[in-house]
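Please look over the sequence and the structure shown below before reading on.

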Amino acid sequence: PWLFSGFFTRMWPLIAMGIAFLGVGFSEYCRRRRQPILSQPLERSAALIPILPLLGFWVVPSEANYALVLLTVGALYAVLAVLRKSLLFSILALLAANASLWRLLYTQEGLSLTEHPQLWLIPPAICVLVASYLNRQRLNAQQTTAVRYLSAIVIYAASTADIFLNGVAEAPWLPGVLAGLSLLGIFAGIVFRVRAFLFLGTTFLVVSLLTVIWYAAVELDRTWIWWVSGIVTGILIIALFGLFEKKRDEVLRIVENLKQWES
């Protein structure tokens, strides 16, 4: 009993994860020495050890931070995903990492889901996008398109909801965050030639600009901004039609090239 008291009792979840990492290391060492009779049991045992701290944390008290425990679980499965090129371990690593973030946000005052939804929803949406890109050979065109649109909509909708929940007056930087995400989406659409990112990024960039204009015109009582915005919009529309008439063939060529991009 003297071995399992004091520091071990206070930090047993992290110690268990340390044992799991050692198991992965010895498993890889044995695998490279062509000793599967040792490497396979060690790897499987190491992959199952995280279940103990994840569930036992709520049964056996400890002083370890649960968010840190989840993060170490994610790191372990990420290592296994890289070593074995496993989709299952990749999914487990992403789930554990996002759960670690959610646990951290849950314990911080003023960062709940109903106050700042983009902190909760944008990271997993980005993880889904990255996972779909890494596993694009396993997905057909329709599935890839659905994942892209759904993930991008979650990102932009969460950022937009954050603006409406907190207000521009209380958090004037939030429209800038939405505009930054929209510009990143536009650039990603251009670089990777993906229409979904380009279209959604452009749409929510307009939403960000309209939010700022509405706040300045209504909340700050600057009604002249409506007139200026209308005039500028009209000038831009006329210039767009003029450009289309002057460079009709080039514009049509650009549109045809857009149709060749991935949806």
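A pocket, as the word is used here, is an open set of grid points where a 1.4 Å probe fits, with protein on both sides within 12 Å along at least five of seven lines. Its volume is the space filled by probe spheres set on those points. The model is a predicted one, and by this definition the second largest pocket holds about 350 Å³ of space. Lining this second pocket are 18 residues, and those closest to its centre are Ala81, Ser86, Ser90, Leu134 and Asn135. Three helices, α5, α6 and α7, each give at least two residues to the lining. The largest share comes from α6, with 5 residues. Sorted by class, the lining of the second largest pocket has 11 nonpolar, 4 polar and 3 charged residues.

The largest pocket comes next, with about 550 Å³ of space. Its lining takes in 19 residues, and Leu129, Val130, Ala188, Phe192 and Phe197 are the ones nearest its centre. The elements that supply two or more residues here are α7 (117-134), α8 (141-166) and α9 (174-192). Of the residues that line the largest pocket, 13 are nonpolar, 3 are polar and 3 are charged.

Now turn to α5, one of the helices of the second largest pocket. This helix runs over residues 66-84, 19 residues in total. From the first C-alpha to the last, α5 reaches 27 Å, close to the 27 Å expected at 1.5 Å a residue. At its start, a side-chain oxygen of Asn65 comes to within 2.8 Å of the backbone nitrogen of Ala67. After its end comes Lys85, with a positive phi near 50 degrees.

Which residues of α5 are buried? They are Tyr66, Ala67, Val69, Leu70, Thr72, Val73, Gly74, Leu76, Tyr77, Leu80 and Ala81. An α-helix has 3.6 residues a turn, so residues three or four places apart point the same way. What covers the buried residues of α5 includes the helices α2 (12-32), α3 (36-48), α4 (51-56) and α6 (87-106).

Ser132 lies in helix α7. Is Ser132 buried or exposed? Ser132 counts as buried because its relative accessibility is 10%, and the cut-off for buried is under 20%. The side chain of Ser132 reaches the backbone oxygen of Leu129 at 2.7 Å. Leu129 is also among the residues nearest the centre of the largest pocket. Leaving out residues up to four places away in sequence, Ser132 touches Leu139 and Val147.

The other serine, Ser208, is in helix α10, which covers residues 195-219. With a relative accessible area of 3%, Ser208 is buried too. Apart from neighbours within four places in sequence, Ser208 is in contact with Pro175, Leu178 and Ala179.

Val59 is in the loop between α4 and α5. Why does Val59 count as exposed? The reason is its relative accessibility of 67%, since exposed means over 50%. Between Val59 and Asn135 there are 37 Å in space, C-alpha to C-alpha, and the two are 76 residues apart in sequence. Asn135 is one of the residues closest to the centre of the second largest pocket.

Definitions and conventions. Residues numbered from 1 in each chain as written. Predicted model: local features only at pLDDT ≥ 70, side-chain atom pairs only at ≥ 80, totals over all residues. Heavy atoms only, no water. Helix = DSSP H or I, 4+ residues; strand = E, 2+ residues; numbered from the N terminus. Expected span 1.5 Å × (residues − 1). Buried < 20%, exposed > 50% of the residue type's maximum accessible area, 1.4 Å probe, protein only. Contact = heavy atoms within 4.5 Å. Polar contact = N/O pair within 3.5 Å; in protein donor to acceptor, adjacent residues only side chain to side chain. 1 Å grid on protein atoms, 1.4 Å probe; cavity = no way out; pocket = protein on both sides within 12 Å on 5 of 7 lines; lining within 4 Å. Nonpolar A, V, L, I, M, F, W, Y, C, P; charged D, E, K, R; others polar.
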